[in-house]
Amino acid sequence: MVKISVGGYDDGEGPSNRSQKRRREEEEGEEEEEQHPQQSFEIVDPPIGTQENEEHAPTDAGSNGSATNDRDRSIPLFVSDPDVFDCCICYEPLGAPVFQCENGHIACSNCCARLRNKCPMCLMPIGYNRCRAIEKVLDAIKMSCLNAQYGCNEMFSYSRKSNHEKECKYLPCLCPHTGCDYVASSKELSLHFSHRHVGSGTQFIYDRFFTLFLNTDQKTVVLQEKNDANLFVVHNNHELLGNIVYISCIGPKSMAGFHYDVLARSQGSTLILQSFTKIIQGQIADAPTKRFLLIPSGFFPSVQLKLDIRIKSQH
């Protein structure tokens, strides 16, 4: 087994040149992800293009399995600059087809089209010649998920890195209980909350109304569904005009949201909100600019809010 350390080149023309890299645009409402300066990759041998011939090659019965071992061998690769495998224009992971200009600068197919096939480095034509060597390297790279410590065992090609990170159900989530720093996947977090914080959350059942009392200045209340143990957070932001109330669900970004109803009744008047939960990875969430209920100041005669809530199942 061989270990190879690969560092980013610094010729001023590639993705590892941090002085010229712009920061990636973040999706609205998402927190910045923690940077990982070093990442592990596995190079699978043989690369794409030679597998078909080897699959039909005869196996020597007296080789003690050497032919199989040669096909399955791999090299762990430690990359000090993972961005070296990103497009130097859009900074997204490269994936076939990859194109190069006559000077060897590379770009993804989408960027070639957006730039009208003109290399941004040297202004030479780009988008006509495939860079087969890089494509083979990308096909040969198999990497583990950053959430492996939380239970994800999936291996995937580098070009699927972004898609997997958006879909991974093992995305770490922070326990919503005040003062608890436990971090785990949403499934493990639900079990943790059920056993370590018994009685600290309000239990409910999907598709049924339940009554919740909040003080005017109370920020959050944790909810837990009795059957699937999913965790929800009722947020309450006290503003000058009244109280902004909305509900979030703790889970991975790929998780589908839940529809919910919130009813506020007082002195014969009823305020109704029908909205959709935001998926978060912890208790804290910014006050939304839409999909919330504003309970006007003075709507309730006391300093306590009385809300009837129904969270609908996804069936």
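How many aromatic pairs does a search of the whole structure find? In this predicted model, the search finds 7 aromatic pairs. The views below show some of the rings involved.

**View 1. The ring pair of Tyr206 and Phe232.** The ring centres of Tyr206 and Phe232 are 6.4 Å apart. Their planes stand at 85 degrees, so this pair is edge-to-face. Tyr206 lies in the loop between strand E11 (202-204) and strand E12 (210-215), while Phe232 belongs to strand E14 (residues 231-238). The two residues are 26 residues apart, and their pairing links distant parts of the chain.

**View 2. The ring pair of Phe232 and Phe258.** Phe232 also pairs with Phe258, with ring centres 5.0 Å apart. The angle between these planes is 75 degrees, which means that the pair is edge-to-face. Distant parts of the chain are linked here too: Phe232 is in strand E14, and Phe258 is in the loop between strand E15 (242-250) and strand E16 (259-266), 26 residues apart.

**View 3. Burial of Tyr206, Phe232 and Phe258.** Tyr206 has 12% relative accessibility and therefore counts as buried. Phe232 counts as buried because its relative accessibility is 0%. Phe258, at 2% relative accessibility, is likewise counted as buried.

**View 4. The cluster of aromatic rings.** Phe204, Tyr206, Phe210, Phe232 and Phe258 are linked into a cluster by ring pairs. Among these pairs are Tyr206 with Phe232 and Phe232 with Phe258.

Note on methods
Residues are numbered from 1 along each chain as its sequence is written. This is a predicted model: local features need pLDDT of at least 70, side-chain atom pairs count only at pLDDT 80 or more; totals for chains, interfaces and linings use all residues. Side-chain values use heavy atoms; hydrogens and water are left out. Rings of Phe, Tyr and Trp (its six-membered ring) pair if their centres lie within 6.5 Å; planes under 30 degrees apart count as stacked, over 60 as edge-to-face and the rest as tilted. Helices (H or I, at least four residues) and strands (E, at least two) are DSSP runs, numbered from the N terminus. Buried means under 20% relative accessible area, exposed over 50%, partly exposed in between (1.4 Å probe, protein chains only).
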